[in-house]
Amino acid sequence: MGVLGLVLLGSAAIIIHRKSSPAPYHLAAYNFNDQQADLQKFEKEIQTLGGERAYNRLYDAVSNLSADDQHEYGHLFGDALYKEEGLNGIGVCDSRFSYGCFHQMLSDALITYGTSAVPMLDQKCKQILKGAYLSCQHGLGHGIMVTIGLNKQGYDEAHLKQALAYCAQLPDDQPLGGCDGGVYMEYNLHTVANVELEQNDIRRIEQGNMYLPCNDLELAQQTACYFWMPQWWALAGALRYNTTQSLSDNQLYKSTGSLCQSLASASRRTCFEGIGYAAISTAKLDPARTLGLCNAASSNELNNLYCRAFAASMIASVTGSGPDALAVCHGLTGNGKTFCAQYANQQGNFFTSLPDPVL
């Protein structure tokens with residue numbers, strides 16, 4: 001016990017005691033084999049300190065890790081938080097860990113209450129995050145997908161289409177980054193399923209077709225679907241399962257760029273933007289490395305610009321660093337430079353797609 005201080009009341013001295021603050025701790029890079037031990041640690045922290053203090057301590061513990069590792073820990077903490085505090089804990093989550101806490105909490109809630117709870121949870125998103133509720137709806141997408149199709153064999157296209165139908169019923173949903181985006185990400189990467197099933201798995205290539213499930217969807221859904229494919233092809237390394245060779249990151253992104261290049265124009269743009277979104281994670285937010293991956297993906301001036309501009313927007317969003325975001329635009333001139341700078345300043349992003357520049 002640490003002595004907080006003395007309070008004198010007349011001639012009496014009262015000693016007030018307070019528990020010492022727990023020592024800071026640090027976490028190593030995320031390891032799926034350690035999930036249960038880490039989950040139990042978070043549960044104990046929440047029981048002892050309450051959700052908010054435990055959440056802030058986690059933020060300090062992972063401050064030196066990659067954005068991906070932080071996101072995974074955010075998911076795991078969200079799982080512990082829901083177990084300990086239920087929906088009352090949702091107010092603890094915020095934008096940190098790329099909204100991983102929200103994503104897991106909402107997914108756990110939907111597993112508990114079923115898809116009938118989607119409208120209620122959507123309203124909670126709006127109450128807590130106000131105008132920045134897009135990532136909360138993204139978490140709903142993860143949760144809907146898990147609730148409909150959780151199993152160790154992965155999801156199937158029937159589950160995917162059913163989940164997208166639920167997203168379509170949400171008012172104000174934004175397909176690229178909102179509920180639909182969460183559905184596609186969960187379908188491809190099994191982010192929440194891996195926590196729930198204590199495994200580390202992603203979707204395998206189906207029927208040798210690199211474009212499934214997007215090319216089986218209605219035309220209006222394909223544009224958003226293709227945005228999330230590079231995250232699966234390159235960042236998660238699905239393309240490695242299609243070859244006996246050991247592919248470097250540059251080779252993965254070159255192959256991913258070739259896949260995007262074959263698409264119709266509207267989907268081609270979002271696909272290359274999706275490469276930019278994936279590249280910042282592969283590059284661990286390093287601007288020069290991100291630029292290198294976009295260059296590997298395409299030498300075509302416009303396609304390369306889509307990748308760089310969206311990556312710049314995401315670096316600015318995640319790090320709050322304008323100079324780092326603008327560094328991805330290095331070497332561009334004229335309208336291309338202006339376009340990339342607008343994204344680096346977040347005038348273009350998940351919400352707003354700026355018109356193609358004249359190059």
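Guide: Let's start at Cys101. At 0% relative accessibility, Cys101 counts as buried (under 20% relative accessible area; over 50% is exposed, in between is partly exposed; 1.4 Å probe, protein chains only). The model is predicted: local features need pLDDT of at least 70, side-chain atom pairs count only at pLDDT 80 or more, and totals for chains, interfaces and linings use all residues. Residues are numbered from 1 along each chain as its sequence is written, and side-chain values use heavy atoms, with hydrogens and water left out.

Visitor: Which residue forms a disulfide with Cys101?

Guide: Cys93, with the sulfur atoms 2.1 Å apart. A disulfide here is a pair of cysteine sulfur atoms within 2.5 Å.

Visitor: Is Cys93 buried or exposed?

Guide: Buried, because its relative accessible area is 3%.

Visitor: And what about the handedness of that link?

Guide: The Cys93 and Cys101 link is left-handed, with -50 degrees about the S-S bond.

Visitor: How many disulfides are there in the whole structure?

Guide: A search finds six.

Visitor: Give me another. What does Cys179 pair with?

Guide: Cys167, at 2.0 Å S to S. This pair links distant parts of the chain, twelve residues apart. Cys167 sits in helix α7 (residues 157-168) and Cys179 in helix α8 (residues 179-189). Helices are DSSP runs of H or I, at least four residues, numbered from the N terminus.

Visitor: Why is that one called left-handed?

Guide: Because the torsion about the S-S bond of Cys167 and Cys179 is about -65 degrees. Cys167 is buried at 0% relative accessible area. Cys179 is buried too, at 0% relative accessibility.

Visitor: Where does Cys294 connect?

Guide: To Cys307, S to S 2.0 Å. Cys294 lies in helix α14 (residues 287-297), Cys307 in helix α15 (residues 301-319), 13 residues apart. The torsion is about -75 degrees, so this disulfide is left-handed. Both Cys294 and Cys307 are buried.

Visitor: Switching topic. Where is Arg57?

Guide: In helix α2 (residues 51-61). Arg57 is buried, with a relative accessible area of 15%.

Visitor: What does the side chain of Arg57 reach?

Guide: The backbone oxygen of Ala23, at 3.2 Å.

Visitor: Which residues is Arg57 in contact with, leaving aside neighbours within four places in sequence?

Guide: Pro22, Ala23, Pro24, Tyr25, Glu45 and Leu49. Contact means heavy atoms within 4.5 Å.

Terms used
Helices (H or I, at least four residues) and strands (E, at least two) are DSSP runs, numbered from the N terminus. A polar contact is a pair of N or O atoms within 3.5 Å; within protein, one must be able to donate a hydrogen and the other to accept it, and residues adjacent in sequence count only if both atoms are side-chain atoms.
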